[in-house]
Amino acid sequence: MNNCGEMEDIMKIHDIMTPWEGKKKIKGGINENCNVHDLTEDVTKGKDPFIQVVNGNRYKVGDIEKALLQYLIESSDMWVLDSIIDNFNEAVIVVDVKGKIFYANNAYTNILGVPVYKIIGRQIQQVEPGSQLQNVLDTKIPFIKERQYIKTLDKYVSVNIFLIEKDGELKAVASIFSDSTEVVKLGHEVEKANEIALSYRRQVEIKERLTKLNIIGKSPNFLNVVSQALIVADTDVPVFIRGESGVGKEIMARLIHSNSIRKDKPMITVNCAAIPESLIESELFGYEGGSFTGAKSCGKMGKFELANGGTLFLDEIGDMSLEMQSKLLRVLQDGEIEKIGRQRNIPVDVRLITATNQPIEKMIKERKFREDLYFRLNIVETQVPPLRNRIEDIGILANHFLKKYIKKYGNNIFFSKEMLSFLHSYKWPGNVRELQNCVEYAVIMCQGEIFGSDYLPPYMKNELSGMIVKNVDKETRPEYNNKGLKEAVKDFEKRMIIEAITASGGNRSKAMKLLGLSRRTFYRKLKDYKIINSANK
């Protein structure tokens, strides 16, 4: 339609001539206010493609295409269908072969928030830039999709676009769609619930150990850290946990969460060192469907969204890149995350607990860690002591793990005195995690009832052998004070042979090499010191 008069008058004419209203016969005039000049003759015989439209005073207010008007006249008996379609919950829009909109029902205008008179006669690409309607019109291939995202509206729709043909010729393309935004949101909530459930299942074992503050350990420096954790749990400030690998930083984080006001909300854990740099952003912040190659069509919720209302624990924060550190800092400042492929930021309410075994102060000086982020994270800092500084707890933890794995594997075994001595003298570079793995290995491998050095992991046997060769048993020295040198040497030599055999798992050839003795000398000393039976144990 070409405008040459008042827009309101033209819109009134359109409203009257909508093909399915059919309120009055269109012949020689529309109603008392507007008329179409010589309508019948112009439509059937005229060569001019447009018909003049005049108002009641015979002033021209615009013109209309003959073909469109003819179509409206011929379809004027379809008003019943119009009434039916206008009561659909689904939106309906139809365009002609040139992509011009000539019909839209009420649901369409409600979803888009645009009145009919502003879209009728306009190109679909003007109303919906990038519309699939135009693609179907160009390709002649129908389109069906359950969740199509419309960026301009920030909505999801389930859409069915199909061709309208007559006598084998394309006449129009129609789209029927419904607003599925709420359904998509519900789907996201279900996905969130499922992922949280999976996260909870992984946490069951740790939560059992922390039930009713049943903390395993009695060393003063460890209990002091627990006390600090319980104090800070009542607040909502970020906590920065430091300690070597395997000391139990995650357990401390869970202790804080389970005693906080957020304890009924999820706690989500992310190991920053275990996620590739290319995936860390999508893991933390999530993404919209189709936002990049390989992305899930339904998108993905990030850990911040999953932890919303609860606690997010970022382990090994020192392994995070500078770029991600900047994005994390922005989240802490603004309280919003920027989801990949989404136009609007998402507000989140998350308590952040971070942990590292890295020398952060050194990393700051080397410009490997942002100082401003460090001060944001380190409002309260706690240091979990290594196991070698918790000597009082080694036996308690060892027995705890022994009971646990006896129950799991069904082997009923006991620590030998020799093994308990070794456990207390070993330095435990892997801390509590290493002790736990050591006990589990022994319970699985032990064939008898005594957990001796024979059932230590192989690398620990080597460590024990080194300790025997390098160290003199200082506790036994006072026994030699009342003996002559010759007798003292014999006692010491006997002890060394027994410990070498034990460290070698009863393998005498290894014990000989360990002691640096020839085969003849080794067996002679076994006989002289009457330790053949001991060697067989």
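Modeller: Start with Glu 288. Leaving aside residues up to four places away in sequence, Glu 288 touches Tyr 156, Gly 299, Lys 339, Ile 340, Gly 341 and Arg 342. Keep in mind that this is a predicted model. Glu 288 sits in a loop, with strand S11 (286–287) on one side and strand S12 (300–301) on the other. Its relative accessibility is 7%, so Glu 288 counts as buried; the cut-off for that is under 20%.

Next, helix H10, residues 249–258. Seven of its 10 residues are buried, so H10 is largely enclosed by the rest of the structure. The buried ones are Lys 249, Met 252, Ala 253, Arg 254, Leu 255, Ile 256 and His 257.

Now a helix pair. Helix H16 (residues 391–409) meets helix H18 (residues 431–445): their axes come within 9 Å and cross at roughly 40°. That angle makes H16 oblique to H18. The crossing of the two is right-handed. On the H16 side, the contact is made by Ile 394, Leu 397, Ala 398, Phe 401, Leu 402, Lys 404, Tyr 405, Ile 406, Lys 408 and Tyr 409. H18 brings Val 432, Leu 435, Gln 436, Val 439, Glu 440, Val 443 and Ile 444. Sorted by class, the contact of H16 with H18 has 13 nonpolar, one polar and three charged residues. An α-helix has 3.6 residues a turn, so residues three or four places apart point the same way.

Notes:
Residues are numbered from 1 along each chain as its sequence is written. This is a predicted model: local features need pLDDT of at least 70, side-chain atom pairs count only at pLDDT 80 or more; totals for chains, interfaces and linings use all residues. Side-chain values use heavy atoms; hydrogens and water are left out. Axes are lines fitted to C-alpha atoms, for helices over the stretch in contact, and angles run from 0 to 180 degrees between N-to-C directions. Helices (H or I, at least four residues) and strands (E, at least two) are DSSP runs, numbered from the N terminus. Angles under 35 degrees count as roughly parallel, over 145 as roughly antiparallel, 65 to 115 as roughly perpendicular and the rest as oblique. A crossing is left-handed if the near helix is turned anticlockwise from the far one by less than a right angle, and right-handed if clockwise. Contact means heavy atoms within 4.5 Å. Ala, Val, Leu, Ile, Met, Phe, Trp, Tyr, Cys and Pro count as nonpolar, Asp, Glu, Lys and Arg as charged, and the others, Gly among them, as polar. Buried means under 20% relative accessible area, exposed over 50%, partly exposed in between (1.4 Å probe, protein chains only).
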